[in-house]
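This report describes the fold, the packing and the surface of one protein chain. Please consult the sequence and the structure shown here alongside the text.

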Amino acid sequence: MSKQVDAARPAHTPGPWGRNIKPASKYITIYAGRNTHVAHLATGGLTEREIENNCNLIASAPQLLAALLAASRALTELDPLAEHHDARAIDVALGKALRDE
C-alpha cells in the first residue's frame, strides 16, 4: 500500500449516516444525526430503484470507508512489498474518498 491514512480524524462528517424512510424519491436526504444533513439527492431522470439504491450507497459511505481502510491495513500487514491489483484499487478509492479539498 502506498500510504497510511489517519482515520482517527476524518475530514468528512462523522458517521454513522442514515437515510430517511422510503420512498427515497419523496425523502431524499442523507443525515448524520439530528439536524445534520449530509446530502440531498438530485433525482431527475432516475428510476425509483436507482434513487433507493443511491440513498443506501451514500448512507453507507462511512462504513465503506472504514472497511477499505481496514482492508488496506490488512493487505499491508500481510505483504508490505507486494503489488496486489486489489491493493492498487483500494488505494485509488481511498485517494478519491480522502482527498481534502
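## Glycine 44 and its loop

Glycine 44 has a relative accessible area of 75% and is therefore exposed; exposed denotes over 50% relative accessible area, buried under 20%, and partly exposed the range in between, with a 1.4 Å probe and protein chains only. Glycine 44 belongs to the loop that connects strand 3 with helix 1. Its C-alpha atom is 9.5 Å from that of serine 25, a residue 19 positions away along the chain.

The model is predicted: local features require pLDDT of at least 70 and side-chain atom pairs count only at pLDDT 80 or more, whereas totals for chains, interfaces and linings use all residues. Residues are numbered from 1 along each chain as its sequence is written, and side-chain values use heavy atoms, with hydrogens and water left out.

## Overall organisation

The chain contains three helices and three strands, arranged from the N terminus as β-β-β-α-α-α. Helices (H or I, at least four residues) and strands (E, at least two) are DSSP runs, numbered from the N terminus.

Of the 101 residues, 23% are buried. Among contacts (heavy atoms within 4.5 Å) with a separation of 6 or more, 47% involve residues 24 or more positions apart.

The three strands make an open, antiparallel sheet in the order 1-2-3, where pairing requires at least two DSSP bridges between two strands. Strand 1 (18-19) and strand 3 (37-40) are the edge strands, each pairing on one side only.

Strand 2 (residues 29-31) runs antiparallel to strand 3 and is joined to it by three bridges. Threonine 29 has histidine 40 of strand 3 as its bridge partner.

## The nonpolar core

The largest nonpolar core has nine residues: Trp17, Ala24, Ile28, Ile30, Ala32, Leu41, Ile51, Cys55 and Ala59. Such a core is a set of buried Ala, Val, Leu, Ile, Met, Phe, Trp, Tyr and Cys residues joined through side-chain atoms within 4.5 Å. Helix 1 (residues 48-59) supplies the largest share of this core, three residues.

Beyond its neighbours within four places in sequence, cysteine 55 contacts Arg19, Ala24, Ile30 and Leu41.

## Helix 1

The end C-alpha atoms of helix 1 are 17 Å apart, which agrees with the 16 Å that its twelve residues should span at 1.5 Å a residue; the expected span is 1.5 Å times one less than the number of residues. Ile51, Glu52, Cys55 and Ala59 are the buried residues in helix 1. They lie on the same side of the helix, because they cover an arc of only 100 degrees around the axis, the arc being that of the directions from the helix axis to the C-beta atoms.

Strand 1, strand 2 and helix 2 (61-78) are among the elements that cover these buried residues. Arg49 and Leu57 are exposed on the face of helix 1 turned away from the buried side.

## Helix 3

Helix 3 (residues 85-98) comprises 14 residues and extends 20 Å from first to last C-alpha, close to the expected 20 Å. Ala87, Ile90 and Leu94 are its buried residues. Their arc, seen down the axis of helix 3, is within 60 degrees, so they line one face of the helix.

These buried residues of helix 3 pack against helix 2, while His85, Val92 and Lys96 are exposed on the other side of helix 3.
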